[in-house]
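Here is a briefing on the chain interfaces of one model. Please look at the structure first.

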Amino acid sequence: MQQATVLSGKRNANWGDRIFAGLATTSGVFVLVLLGAIIIGLAVGGAPAFRAFGAFFLVDAEWDPVQELFGALVPVYGTIVTSILALVIAVPLAFGIAFYLTELAPGWLRRPVGTAVELLAAVPSIIYGMWGFFVIVPIMAKVVQPWAIDTLGEVPLIGFLFAGPPFGTGILTAALILAVMIIPFIAATMRDVFETVPPVYKESAYGLGCTTWEVMRSIVIPYTRASVVGGIMLGLGRALGETMAVTFVIGNTNRISTSLFGPGNTIASIVALEFPESEADSLKMSSLLALGFILFVISFIVLAISRMLLRPRTKA
Amino acid sequence: MSATTLSAAGAIPGPAKDLRVSEALGRSRHRRNMIVKALCFAATAIGLLFLASILATLVWRGMAGLSLTVFTTSTLPPGSNGGLLNAIVGSLIQTLIGAAIGTPIGLMVGTYLAEYARDSALGNSVRFVSDVLLSAPSILIGLFVYQLVVNPFNGFSAIAGCLALAVIVIPIVVRTTEDMLRLIPATLREAVIGLGAPKWKMITLVCYRAAREGIMTGVLLAIARVAGETAPLLFTSLGNLNWSTDLTKPMASLPVTIYQYAGSAFQDWIDLAWAGALLITLGVLAINIIARLVLRRGV
Amino acid sequence: MNFATTALAVTLAGLTWSAQAQQITGAGATFPAPIYAKWGEAAKAATGLELNYQAIGSGGGQTQIVNRTVDFGASDAPMAVDRMEKANLHQFPSVMGAVVVIVNIPGVTTNQLKLDGTMVADIYHGKITKWNDPRIQEMNKGITLPNRAIAPVYRADGSGTTYVFASYLSAVDPTWKAKVGAATSVKWPTGQGARGNDGVAATVQNTPGGFGYVEFAYAKQNNLATAAIRNKAGSFVVPSMETFSAAASNADWANAKHFAVDLIDQAGEKSWPIVSATFILLPKDPKDPARSANVMKFIDWAYNSGDALATGLDYVPLPAAVKTAVRGSWTAEIKGPDGKPVR
């Protein structure tokens, strides 16, 4: 009797296990198929554009809806430049915040400050756009840009970076908003990996008379370098696909501008701006879908790199 | 740097000259330390300033449009003293149903990755695409659901919006579920298996329970994220000027209403857009803080 | 997944309490969205019809009605004839509006500055770059213009406003027509893009020397400084309901195919040169005739009783003769599955 129930229980367990494992695996495959379907959908939708313009699509700076000539160069350039500039701004700030939170802040302050910084990640993207447009853009137009154009703009060699009229919008403003949006991601990752450093390493350095900064520079950073870079790449991945916020502030122009104050466009912003006015099955719609496909390829590459760099930490 | 500096700094005081050098060196080291500390403090202050500035802007501009009508009246044309009732309710319905569809799938995928796949090739691919999905531009997800659901079924519907949001929910829940399940000590698992329980019971009865707070946090964060999404709803649930809770019909949502009102010519619509922006941000921040409190109690 | 979706939809739909009036769903152009909402509110009491109109853009509106995902589509630009015929659609105007030129020149008040069409085009060509350019100064002898760069701003998102404005530039400037052309977004030779009417207005206001174009309602509601423009008859006109209506009454409605009338740069002493109609698209072969009939009932109500509401929101009502012609076209063009007119 006893044995029978155990046996039948076991048979049930086998069934249960099989069903549960099957369910879990199916869900995993489902996600795989889902993303596959999204990418294939974009590739199929973008195929007419690739057929019409060939590989030239990637290096063509033209975007002329009247003549139906479309090229991806400007939005791809804008996407990469704004994202990299955003990193240039965000990484030092995020590092400072992470350093402050792990080493400097008094214990009672760490959690509230850390939470506040992470809350920046929760603010919806459209709110960033509105805030950027109504708060940051006027500051840029009336204070930062006129000053920079009059001073830095006159400096030889780098002057071209600060040329042009002070509209307030443009590549630098977009990068600044993006930076604010990705700071919480990078800062949180950095803080988390800084905390993985075994205290004994740090303590022995302190014991040798090292200052806090020396411990950070010589112990913490070398120990966590790969993971820090991985976290930065995750922030980069986020910046690449950001739509609404960038759309409000980038100036939305299909020209390549060498000035930081010049307008531009990113892949996500051009898709958001042009999609509503594109008819189904038109070459314009196809070009937008092709741009979406390119964006996926870029995110893939960035994410693959960050995976490679983050792996040592997950293994450890 | 470290080796030489450290030995110089830590050296036993020798002749007077060396002492002066080491004192100067010590001063410069400490000065540098103070500068870095100040910079880090400044960086944190700047980060907090951004948050404060966003909140202040929202409160300042949002208060103008905030009144009881916002919660009691649906959207109306300019000059008719409308509110946001249908948009608020629509956002709640779509966010909750989106989360209700996405959460179980995300939970199962996370379970698969943590408990079954580990480092298999399939597992790694699933993990990778789930992370790609995490940073995919949300407008493309809306577009995908449009092609999959709206177009074949001849019409915009709230359920299409829910599905688009569900697609965004999935990778967030996957990430937290997997991370949380992996944190469960092997000893606990072994104990359960040792008692003769089948694996699925171990996962559902023990692991989920142990990781409950962490998984809850993930779900709450996912809800917070999709509650503020505009782009995926534009081409799925479309929006609705009227009160509607019919899932097969277009439905209003706060972000889409904000998006359309913020750019209008009429001051009452613009005020409503800011009031909506204030509401949605406060709501999302509240969910986040709750999520963190839940997690804190759990771990 | 489809099964699960449908099952869920059915279950949840059953749970909701939607005892509602008959609903009409429309989508498309952003420009008429406020007046459609206003008409919808007023028509609900009068006709029992509940309108849901969503501003997703003219291109989106065309796509949706081609796909039949909505009861009617709306577009600021007339739909391409071949696409319209292929999709078996009927097009007619609902209301009109105007686009105005806005400026931000310190010391210059609204409607003080006078420009002509080629000068506006040359500013966007990048040929006129300073406010005290001899050509502008020549036309504005009474005012002193600053030696300040002109900062041209344009709509960066695809929009009917851009279509209308670029159509105007194409009509008055052959170089523009050859090099740039007219569409919902064009390749601007120079200037800064901004998102939406609000973006253009704010960028112009933030930039001394700013220059841009917005819908009239937007300029009026926000008290933006507009410019007077020389029309085809050679007189300088300022934007107002009167000059817009003058342009509409001078247009050749009778000979316009699919009602795609050209209201740009009309003759007549008082005509404002940048006026256009916005259009509604209906299937000629509705699968569900009742829904199309409801749309026509709604528009008929708006034609009869909606003019005051339209002018209140700075839109221009259609001339009475045009409304009659549209009503007649419904009977002739839109037929149910039984071959009988839907209305």
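Across the interface of chain C and chain B, the rule finds 0 salt bridges (a side-chain nitrogen of Lys or Arg within 4 Å of a carboxyl oxygen of Asp or Glu). The model is predicted: local features need pLDDT of at least 70, side-chain atom pairs count only at pLDDT 80 or more, and totals for chains, interfaces and linings use all residues. Residues are numbered from 1 along each chain as its sequence is written, chains are lettered from A and ligands numbered from 1 in written order, and side-chain values use heavy atoms, without hydrogens and water.

**Chain C and chain B**
- The contact (heavy atoms within 4.5 Å) joins 39 residues of chain C to 39 residues of chain B.
- About 3300 Å² is buried here, 59% of it from carbon and sulfur atoms (accessible area, 1.4 Å probe, lost when two parts are put together, summed over both).
- C:Gln54, C:Ile56 and C:Thr69 supply 14% of the area that chain C buries against chain B, more than any other three residues.

**Chain B and chain A**
- Chain B brings 79 residues to the contact and chain A brings 71.
- These chains bury about 7000 Å² between them, with 81% on carbon and sulfur atoms.
- B:Phe50, B:Met108 and B:Phe128 supply 9% of the area that chain B buries against chain A, more than any other three residues.
- The rule finds 1 salt bridge across this interface.
- A:Glu214 forms a salt bridge with B:Arg29, and their closest N and O atoms are 2.6 Å apart.
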